[in-house]
Amino acid sequence: MAEELGGDYVVEEVGEEDAIAGGLEADEEDVAALTGGTKRALEGSEGEEGEGSAADALSAQERKRLRRLKERQKKKKKYEDRQQAVSELVACGAEGQAEMVTAFLQKELSADGVTKLELATFRLAPANMVVPPEGTFKLPHDLCNIQAWLKAVMPEWEEALTAKVISRNMKKKKSKEGKEFSFGSPVVLLLTSSGARSVELIRALPDIGKLGKVAKLFAKHFKVEEQQQFLQTNASRCAVGTPNRLMKLAELGSLDFGKLRLLLIDGYRDGKQRTIFENPEVRGDLVKLFRVHLQQEVRKGSLKLSVF
(Lines give C-alpha, C1' and ligand atoms only; values in the text may rest on other atoms or scores of the structure.)
Protein backbone atom coordinates (compact mmCIF):
# COMPACT_ATOMS: atom_id res chain seq x y z
CA MET A 1 0.00 0.00 0.00
CA ALA A 2 2.94 2.33 0.68
CA GLU A 3 3.93 2.15 -2.99
CA GLU A 4 0.36 2.93 -4.06
CA LEU A 5 0.55 6.21 -2.20
CA GLY A 6 3.08 7.48 -4.69
CA GLY A 7 2.31 5.42 -7.77
CA ASP A 8 -0.48 5.50 -10.30
CA TYR A 9 -3.87 5.59 -8.72
CA VAL A 10 -7.17 5.33 -10.56
CA VAL A 11 -10.65 5.78 -9.19
CA GLU A 12 -13.91 4.91 -10.83
CA GLU A 13 -15.49 8.30 -10.30
CA VAL A 14 -15.10 10.77 -13.14
CA GLY A 15 -14.32 14.31 -12.04
CA GLU A 16 -17.16 16.77 -12.48
CA GLU A 17 -15.08 19.09 -14.63
CA ASP A 18 -13.94 16.22 -16.89
CA ALA A 19 -17.50 14.97 -17.26
CA ILE A 20 -18.89 18.37 -18.16
CA ALA A 21 -16.09 19.23 -20.56
CA GLY A 22 -16.12 15.79 -22.16
CA GLY A 23 -19.73 14.79 -22.49
CA LEU A 24 -22.27 17.13 -20.95
CA GLU A 25 -22.14 20.01 -23.41
CA ALA A 26 -25.53 20.70 -25.00
CA ASP A 27 -25.15 23.14 -27.87
CA GLU A 28 -27.55 24.70 -30.35
CA GLU A 29 -27.02 21.87 -32.85
CA ASP A 30 -28.39 19.39 -30.33
CA VAL A 31 -31.39 21.60 -29.78
CA ALA A 32 -31.99 22.12 -33.50
CA ALA A 33 -31.96 18.35 -34.02
CA LEU A 34 -35.25 18.01 -32.17
CA THR A 35 -38.37 18.08 -34.33
CA GLY A 36 -40.98 20.84 -34.70
CA GLY A 37 -40.86 23.49 -32.01
CA THR A 38 -38.15 21.91 -29.80
CA LYS A 39 -35.64 24.71 -30.17
CA ARG A 40 -38.31 27.31 -29.45
CA ALA A 41 -39.45 25.35 -26.40
CA LEU A 42 -35.91 25.04 -25.03
CA GLU A 43 -35.12 28.73 -25.43
CA GLY A 44 -38.47 29.66 -23.93
CA SER A 45 -41.20 31.06 -26.11
CA GLU A 46 -43.12 34.23 -25.45
CA GLY A 47 -46.42 33.54 -23.74
CA GLU A 48 -47.74 30.42 -22.13
CA GLU A 49 -49.95 29.53 -25.09
CA GLY A 50 -47.04 29.36 -27.54
CA GLU A 51 -44.92 27.34 -25.14
CA GLY A 52 -47.75 24.89 -24.55
CA SER A 53 -48.31 24.43 -28.26
CA ALA A 54 -44.65 23.60 -28.79
CA ALA A 55 -44.70 21.09 -25.96
CA ASP A 56 -47.88 19.47 -27.28
CA ALA A 57 -46.24 18.98 -30.67
CA LEU A 58 -43.50 16.85 -29.14
CA SER A 59 -43.69 13.13 -28.74
CA ALA A 60 -43.00 11.56 -25.35
CA GLN A 61 -39.50 10.60 -26.51
CA GLU A 62 -38.78 14.11 -27.72
CA ARG A 63 -39.98 15.65 -24.44
CA LYS A 64 -37.68 13.32 -22.54
CA ARG A 65 -34.75 14.33 -24.73
CA LEU A 66 -35.67 17.97 -24.29
CA ARG A 67 -35.56 17.64 -20.51
CA ARG A 68 -32.12 16.02 -20.73
CA LEU A 69 -30.84 18.85 -22.91
CA LYS A 70 -32.11 21.44 -20.46
CA GLU A 71 -30.38 19.66 -17.59
CA ARG A 72 -27.16 19.47 -19.58
CA GLN A 73 -27.31 23.17 -20.43
CA LYS A 74 -27.83 24.02 -16.75
CA LYS A 75 -24.77 21.98 -15.82
CA LYS A 76 -22.75 23.63 -18.55
CA LYS A 77 -23.78 27.10 -17.36
CA LYS A 78 -22.96 26.19 -13.76
CA TYR A 79 -19.55 24.93 -14.87
CA GLU A 80 -18.84 28.10 -16.85
CA ASP A 81 -19.85 30.27 -13.89
CA ARG A 82 -17.53 28.29 -11.66
CA GLN A 83 -14.63 28.69 -14.03
CA GLN A 84 -15.30 32.43 -14.31
CA ALA A 85 -15.18 32.74 -10.51
CA VAL A 86 -11.85 30.93 -10.37
CA SER A 87 -10.53 33.05 -13.22
CA GLU A 88 -11.36 36.24 -11.34
CA LEU A 89 -9.71 34.84 -8.22
CA VAL A 90 -6.47 34.17 -10.09
CA ALA A 91 -6.50 37.35 -12.15
CA CYS A 92 -6.34 39.59 -9.06
CA GLY A 93 -2.55 39.19 -8.98
CA ALA A 94 -0.16 38.81 -6.03
CA GLU A 95 -1.57 41.81 -4.15
CA GLY A 96 -5.16 40.64 -4.54
CA GLN A 97 -4.31 37.09 -3.52
CA ALA A 98 -2.42 38.32 -0.47
CA GLU A 99 -5.38 40.43 0.61
CA MET A 100 -7.80 37.56 0.06
CA VAL A 101 -5.83 35.02 2.11
CA THR A 102 -5.13 37.59 4.82
CA ALA A 103 -8.82 38.50 5.12
CA PHE A 104 -9.71 34.82 5.40
CA LEU A 105 -7.14 34.08 8.10
CA GLN A 106 -7.94 37.16 10.18
CA LYS A 107 -11.69 36.57 10.01
CA GLU A 108 -11.41 32.95 11.13
CA LEU A 109 -8.86 33.70 13.87
CA SER A 110 -10.89 36.64 15.14
CA ALA A 111 -13.88 34.33 15.55
CA ASP A 112 -11.65 32.06 17.65
CA GLY A 113 -10.83 34.89 20.05
CA VAL A 114 -7.34 35.73 18.83
CA THR A 115 -6.21 39.19 19.99
CA LYS A 116 -5.83 42.09 17.58
CA LEU A 117 -2.10 42.17 18.30
CA GLU A 118 -1.70 38.56 17.21
CA LEU A 119 -4.02 39.05 14.25
CA ALA A 120 -1.64 41.68 12.90
CA THR A 121 1.00 38.97 12.51
CA PHE A 122 -1.26 37.07 10.12
CA ARG A 123 -0.93 39.56 7.31
CA LEU A 124 0.48 38.38 4.02
CA ALA A 125 2.31 40.75 1.69
CA PRO A 126 2.39 40.51 -2.12
CA ALA A 127 5.97 39.31 -1.72
CA ASN A 128 4.64 36.20 0.04
CA MET A 129 2.55 35.29 -3.00
CA VAL A 130 3.63 34.21 -6.46
CA VAL A 131 1.69 34.50 -9.72
CA PRO A 132 2.83 34.40 -13.36
CA PRO A 133 4.01 37.74 -14.80
CA GLU A 134 1.07 39.74 -16.09
CA GLY A 135 -0.05 38.67 -19.53
CA THR A 136 2.13 35.55 -19.68
CA PHE A 137 -0.47 32.97 -18.61
CA LYS A 138 -3.27 32.90 -21.16
CA LEU A 139 -4.65 29.39 -20.64
CA PRO A 140 -8.12 28.89 -19.16
CA HIS A 141 -8.07 28.54 -15.42
CA ASP A 142 -9.30 24.97 -15.13
CA LEU A 143 -8.02 21.67 -13.80
CA CYS A 144 -6.17 20.57 -16.93
CA ASN A 145 -3.96 23.69 -16.76
CA ILE A 146 -2.95 23.56 -13.12
CA GLN A 147 0.37 21.93 -14.05
CA ALA A 148 1.08 24.78 -16.48
CA TRP A 149 0.30 27.28 -13.70
CA LEU A 150 2.70 25.51 -11.34
CA LYS A 151 5.46 25.66 -13.94
CA ALA A 152 4.74 29.34 -14.57
CA VAL A 153 4.97 30.38 -10.91
CA MET A 154 7.98 28.13 -10.29
CA PRO A 155 10.24 28.25 -13.38
CA GLU A 156 12.85 26.11 -11.63
CA TRP A 157 10.25 23.39 -10.94
CA GLU A 158 12.17 20.57 -12.62
CA GLU A 159 15.37 21.26 -10.75
CA ALA A 160 13.51 21.75 -7.46
CA LEU A 161 11.60 18.49 -7.78
CA THR A 162 14.65 16.39 -8.58
CA ALA A 163 17.20 17.95 -6.19
CA LYS A 164 18.24 15.88 -3.19
CA VAL A 165 17.51 18.11 -0.20
CA ILE A 166 18.13 17.44 3.47
CA SER A 167 15.78 18.12 6.36
CA ARG A 168 17.40 18.07 9.76
CA ASN A 169 14.23 16.86 11.44
CA MET A 170 13.63 13.82 9.24
CA LYS A 171 15.29 10.49 8.57
CA LYS A 172 18.25 10.55 6.15
CA LYS A 173 19.52 7.87 3.83
CA LYS A 174 22.45 7.57 1.45
CA SER A 175 21.98 6.50 -2.13
CA LYS A 176 24.38 4.21 -3.97
CA GLU A 177 26.14 7.30 -5.33
CA GLY A 178 26.71 8.52 -1.77
CA LYS A 179 24.24 11.42 -1.94
CA GLU A 180 22.01 12.07 1.03
CA PHE A 181 18.34 12.78 0.63
CA SER A 182 15.46 13.34 3.02
CA PHE A 183 12.11 11.77 3.66
CA GLY A 184 8.82 13.47 4.39
CA SER A 185 9.99 16.91 3.23
CA PRO A 186 8.13 18.03 0.12
CA VAL A 187 9.26 21.05 -1.87
CA VAL A 188 5.88 21.63 -3.54
CA LEU A 189 2.53 21.06 -1.83
CA LEU A 190 -0.85 21.24 -3.52
CA LEU A 191 -3.56 21.90 -0.95
CA THR A 192 -7.19 21.10 -1.69
CA SER A 193 -10.46 20.44 0.09
CA SER A 194 -11.17 16.73 -0.40
CA GLY A 195 -9.68 13.35 -1.20
CA ALA A 196 -11.65 13.05 -4.44
CA ARG A 197 -10.36 16.42 -5.62
CA SER A 198 -6.81 15.42 -4.61
CA VAL A 199 -6.98 12.42 -6.93
CA GLU A 200 -8.08 14.68 -9.78
CA LEU A 201 -5.16 17.03 -9.12
CA ILE A 202 -2.64 14.20 -9.17
CA ARG A 203 -3.98 13.01 -12.49
CA ALA A 204 -3.50 16.55 -13.83
CA LEU A 205 0.27 16.49 -13.02
CA PRO A 206 1.72 14.00 -15.55
CA ASP A 207 5.05 15.79 -16.07
CA ILE A 208 5.65 16.16 -12.35
CA GLY A 209 4.71 12.54 -11.74
CA LYS A 210 7.43 11.45 -14.17
CA LEU A 211 10.10 13.05 -11.96
CA GLY A 212 9.17 11.04 -8.90
CA LYS A 213 6.32 9.73 -6.81
CA VAL A 214 3.73 12.30 -5.77
CA ALA A 215 2.81 11.80 -2.13
CA LYS A 216 -0.94 11.31 -1.66
CA LEU A 217 -1.68 12.82 1.73
CA PHE A 218 -5.45 12.66 2.10
CA ALA A 219 -7.92 10.37 3.83
CA LYS A 220 -9.66 8.82 0.81
CA HIS A 221 -8.63 5.13 0.68
CA PHE A 222 -5.47 5.65 2.76
CA LYS A 223 -4.79 5.16 6.46
CA VAL A 224 -2.46 7.42 8.41
CA GLU A 225 -0.14 4.50 9.15
CA GLU A 226 0.20 3.70 5.45
CA GLN A 227 1.07 7.30 4.67
CA GLN A 228 3.62 7.36 7.48
CA GLN A 229 5.29 4.31 5.99
CA PHE A 230 5.34 5.90 2.56
CA LEU A 231 6.87 9.14 3.85
CA GLN A 232 9.52 7.21 5.77
CA THR A 233 10.63 5.28 2.69
CA ASN A 234 10.17 7.77 -0.16
CA ALA A 235 11.79 11.16 -0.70
CA SER A 236 8.83 12.68 -2.55
CA ARG A 237 9.44 16.27 -3.57
CA CYS A 238 5.79 16.93 -4.47
CA ALA A 239 2.72 16.20 -2.34
CA VAL A 240 -1.02 16.65 -2.70
CA GLY A 241 -3.22 16.66 0.36
CA THR A 242 -5.97 18.01 2.57
CA PRO A 243 -5.45 20.20 5.66
CA ASN A 244 -6.64 17.69 8.26
CA ARG A 245 -4.48 14.80 7.08
CA LEU A 246 -1.44 17.03 6.61
CA MET A 247 -1.75 18.21 10.21
CA LYS A 248 -2.01 14.68 11.55
CA LEU A 249 1.11 13.57 9.70
CA ALA A 250 3.01 16.66 10.84
CA GLU A 251 1.99 16.13 14.45
CA LEU A 252 3.20 12.52 14.24
CA GLY A 253 6.57 13.71 12.97
CA SER A 254 6.24 12.03 9.58
CA LEU A 255 5.83 15.25 7.60
CA ASP A 256 8.14 18.24 7.69
CA PHE A 257 7.45 21.62 6.06
CA GLY A 258 10.97 22.99 6.53
CA LYS A 259 11.94 22.57 2.87
CA LEU A 260 8.61 23.63 1.41
CA ARG A 261 9.04 26.32 -1.27
CA LEU A 262 5.60 26.50 -2.89
CA LEU A 263 2.15 26.04 -1.40
CA LEU A 264 -0.34 25.91 -4.28
CA ILE A 265 -3.88 26.33 -2.96
CA ASP A 266 -6.63 24.88 -5.13
CA GLY A 267 -9.26 27.56 -5.74
CA TYR A 268 -11.78 25.07 -7.12
CA ARG A 269 -15.44 25.60 -6.24
CA ASP A 270 -17.39 22.50 -5.24
CA GLY A 271 -20.97 21.64 -6.12
CA LYS A 272 -22.19 24.18 -3.56
CA GLN A 273 -19.99 26.89 -5.10
CA ARG A 274 -17.62 26.92 -2.10
CA THR A 275 -13.86 27.31 -2.30
CA ILE A 276 -11.53 25.81 0.28
CA PHE A 277 -11.75 29.15 2.11
CA GLU A 278 -15.55 28.94 2.33
CA ASN A 279 -16.11 25.26 3.09
CA PRO A 280 -16.99 24.97 6.81
CA GLU A 281 -15.76 21.37 6.85
CA VAL A 282 -12.25 22.39 5.82
CA ARG A 283 -11.53 26.02 6.64
CA GLY A 284 -10.95 25.42 10.37
CA ASP A 285 -8.26 22.85 9.61
CA LEU A 286 -6.80 25.15 6.98
CA VAL A 287 -6.38 27.96 9.49
CA LYS A 288 -4.82 25.64 12.06
CA LEU A 289 -2.43 24.20 9.48
CA PHE A 290 -1.24 27.67 8.53
CA ARG A 291 -1.05 28.94 12.10
CA VAL A 292 0.84 25.98 13.56
CA HIS A 293 2.95 24.68 10.70
CA LEU A 294 3.21 27.09 7.76
CA GLN A 295 3.26 30.62 9.15
CA GLN A 296 6.87 30.41 10.34
CA GLU A 297 8.04 29.25 6.90
CA VAL A 298 6.23 32.17 5.25
CA ARG A 299 7.82 34.62 7.70
CA LYS A 300 11.27 33.31 6.85
CA GLY A 301 10.55 34.03 3.20
CA SER A 302 11.35 30.49 2.08
CA LEU A 303 7.72 29.56 1.37
CA LYS A 304 5.59 31.22 -1.30
CA LEU A 305 1.84 30.85 -1.70
CA SER A 306 -0.24 30.81 -4.85
CA VAL A 307 -3.97 30.33 -5.43
CA PHE A 308 -5.19 28.71 -8.62
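The dialogue below takes up these features in turn.

Mentor: Please note that this is a predicted model, in which local features need pLDDT of at least 70, side-chain atom pairs count only at pLDDT 80 or more, and totals for chains, interfaces and linings use all residues. Residues are numbered from 1 along each chain as its sequence is written, and side-chain values use heavy atoms, with hydrogens and water left out.

Trainee: What does the secondary structure of the chain come to?

Mentor: Helices (H or I, at least four residues) and strands (E, at least two) are DSSP runs, numbered from the N terminus. Here the chain has 14 helices and seven strands.

Trainee: Is threonine 275 buried or exposed?

Mentor: Threonine 275 counts as buried because its relative accessibility is 7%. This residue sits in the loop between strand 6 (262–265) and helix 14 (283–300). Leaving aside neighbours within four places in sequence, threonine 275 touches Gly267, Tyr268 and Arg269.

Trainee: How many salt bridges does the count come to?

Mentor: A salt bridge is a side-chain nitrogen of Lys or Arg within 4 Å of a carboxyl oxygen of Asp or Glu. By this rule there are nine salt bridges. In one of them, lysine 151 pairs with aspartate 207, the closest N and O atoms being 2.6 Å apart. Lysine 151 lies in helix 8 (residues 146–153) and aspartate 207 in helix 11 (residues 206–211), so the pair ties together parts that are 56 residues apart in sequence. Lysine 151 is partly exposed, at 25% relative accessibility, and aspartate 207 is partly exposed, at 26%.

Trainee: Which residue forms a salt bridge with glutamate 278?

Mentor: The partner of glutamate 278 is arginine 269, with the closest N and O atoms 3.2 Å apart. Glutamate 278 is partly exposed at 37%, whereas arginine 269 is buried at 18%.

Conventions:
Buried < 20%, exposed > 50% of the residue type's maximum accessible area, 1.4 Å probe, protein only. Contact = heavy atoms within 4.5 Å.
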